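The structure is shown first, and the description follows.

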Protein chains: 2
Amino acid sequence: MSAFSSRWVEPPACVTELPEGGLANGFRAGGAAAGIKPSGDPDVALLVCSEPDAVSAARFTRSGAPAAPVVLCRSRCRLDALAAVVVNSGNANAATGARGLEDAARMQGAAAMAAGVSEDRVAVASTGVIGVPLPMHGMMKGILAARGKLAPDGDRDFWRAIATTDAFEKLLSLEVALPAGIVRISAQAKGAGMIQPGFATLLCFVQTDAVLAAETAELLLGVCVKRSFERISVDGQLSTNDAALLMASGASGVIVEPESDDELRFGEALDYALRRLALQIVGDGEGAARTGRVHVHGGHEQTVERVARAIANSPLVKAALNGGDPNWGRIAQAVGAAIPGPGPLPFDIWIEGVHVCAGGVAVPHDVAELTAAVSRDEVEYVVGLPGEGVETEVFFSDLSHEYVRINAEYTT
Amino acid sequence: MSAFSSRWVEPPACVTELPEGGLANGFRAGGAAAGIKPSGDPDVALLVCSEPDAVSAARFTRSGAPAAPVVLCRSRCRLDALAAVVVNSGNANAATGARGLEDAARMQGAAAMAAGVSEDRVAVASTGVIGVPLPMHGMMKGILAARGKLAPDGDRDFWRAIATTDAFEKLLSLEVALPAGIVRISAQAKGAGMIQPGFATLLCFVQTDAVLAAETAELLLGVCVKRSFERISVDGQLSTNDAALLMASGASGVIVEPESDDELRFGEALDYALRRLALQIVGDGEGAARTGRVHVHGGHEQTVERVARAIANSPLVKAALNGGDPNWGRIAQAVGAAIPGPGPLPFDIWIEGVHVCAGGVAVPHDVAELTAAVSRDEVEYVVGLPGEGVETEVFFSDLSHEYVRINAEYTT
């Protein structure tokens, strides 16, 4: 388990890290090589819940060009009662048409047999290159081999088989002390946004042994995804394959009732888990050296969102973050671009707490001090718009030579 | 005058290039050093029309954080009757508050004296670093010195004084054969979108000696800016200072009547001039090695625009263009991201005429042939959306190591 530390994500008091890892009770996972990756690395992963009444919730990409497994999950799965997941890496099974849907259905069928559950309780996910038919010849053998390795501590093997070019592991095992008792949350995520070569993407699988109603799982996953994966940007590129699944086995016997203190604490723990994985994905952005956080307050909901995204996705801001350049004019530019109008807008900008722009006008400040501050691993930008309004945040990675190298030199 | 060649912009039959350069009749221009650039290079420029009945039209940035000169022009100029322009480079006079407005007004006043016209007929433009007060001590002397150099062939001096880090000249002098007689169009542009260090920006000044009504100038500039500067993207960043001005001296005595053949041909020539300068700006994008053109047809107006911008501004597409990588999955991703929905959308993609995706599904093609095609200076991407619909295009530069180097290592 890789060390995680960020001033922006602190574990709540009810959470204890389990350094030895492992899945939440009621789950087993494994990985194997199906021959998709030319390297021979593991590329097919299986996750199975042994409890009969498992519930689940899911979120998928909003892309209008969703990959076959996303289409399959939406149309042929009971997304509130998933009991197994099969994943392949190295091929996105996207832009593959009818054949792609058939291949995804064959994966689903094989995993259903391996897990001993009905097909509509098996989710399918893929990640890798777009527009290439999935090599199916080794797939059935691979799924069988992964079944043979299913283990309660198979989370690391599972992660390895879903990863592509991730630079470090993104998984966690947490113990959560609820008033009603102790439960576990385990989670595995891969990807660095949409910036991986071959167009890999974000996948996140979360398991808990708490007893959750399907509606509770749906509610909690929805809220927590909004505060984590929907608040990050590596390069502003929405993927064809994004998927996040929460599965609850109920094996702990600890019931999380709606609108209880248990739900509140469980939600805090899930929120921590997902925000932590989201920040790890930003930190593992291709070539990323620094992570930025932009916080925008004031104005209206659409306005703060537009301003935050304009800053997080500006190549000028991202390159300045990479170079440790305190050039706040690029923030001012992005604000103005996000809010067209006659202006000038009386906005404020703080970088690492230094007030550099007040009411739209430059504020004299200690440039040497600011330059030192923006050279650290994490840099915080705060923008104030007129009015009390609302607030939002986006975490983003920088734009580096390494990003260009990987994405220019990579060949399909 | 730098050589210009692109398959996407051909001169119309009525246009002849004037290789010796020079301004349209009735205009004089000059440049001088006012001490804004530490290098001592020319940084203040003056353009004056000697005809009493000059008409004009203007377009400015839509940024909500417009620079002081943009605010001044909008509020204190007769934009349909401009007779002079004063420009400084090296400082954007943006995010400078009341002092910035005063400084812009002082530039306007000095240029009005130098040109012998009323203040409200003088446009002011600035380009350079944001958030730093304009050093005014040398400005008056600089404007006087530029006045002393005013000449009918001063277009190159004028250009040099408005340029910042432009790698090559962007100016032209054209003779246009209208049914009613011969007129000239001259134009000077600077900038490479918003990607220059110090946040320089797009400025374009166009002169003609045709006799135009102010309404005709307004109409033609509006149409031609929409087809040129509004169809390019270096890095998707809207600037605080963008300005494009068309001034007509009437010195040729050739009258361009509304809805005449003369207007049609003059419009073609102006369109050619502005598209040519726009493509030069894309080609001079920081570190740019290749220029892309994306053409989207079908769908609805908002949809084609969103898809074209999503492709032109995708760092994945831009990095692939830089590396000569025929990875069309990145185009498919951008299309899907631009049109959220359950999908999958049945879109088509052609790269350099090679059909790589039909109805949303990969088409087998000769990868070696395509790889050779995308390694040339200009690469064309065509996307077909369902329906007859509409069409649009965007020209864009690639994303290179040099872009990151300049924008990461640059320090304010």
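## Domain organisation

Domain bounds are taken from an automatic or database domain assignment. The model described here is predicted. On that assignment, chain A comprises domain 1, residues 15-283, and domain 2, residues 291-409. Taken over C-alpha atoms, the centres of domain 1 of chain A and domain 2 of chain A are separated by 33 Å.

## Contact between the domains

Within chain A, 11 residues of domain 1 are in contact with 11 residues of domain 2. On the side of domain 1 of chain A that touches domain 2 of chain A, at least two residues each are supplied by β10 (232-233) and α6 (261-283) of chain A. The largest share of this side of domain 1 of chain A comes from α6(A), with 4 residues.

By residue class, the side of domain 1 of chain A that touches domain 2 of chain A consists of 7 nonpolar, 3 polar and 1 charged residues.

## Relation between the two chains

Chain A is superposed on chain B by a rotation of 180 degrees, with 0.0 Å of shift along the axis and an RMSD of 0.0 Å. The two copies are therefore related as by a two-fold rotation axis.

Which residue of chain A comes closest to the rotation axis? That residue is H401(A), whose C-alpha lies at 2.8 Å from the axis. Both copies use the same surface, as 100% of the contact residues of chain A recur in chain B.

Terms used:
Residues numbered from 1 in each chain as written. Chains lettered and ligands numbered in written order. Predicted model: local features only at pLDDT ≥ 70, side-chain atom pairs only at ≥ 80, totals over all residues. Contact = placed C-beta atoms within 7 Å. Nonpolar A, V, L, I, M, F, W, Y, C, P; charged D, E, K, R; others polar. Least-squares fit on C-alpha atoms with pLDDT ≥ 70 in both.
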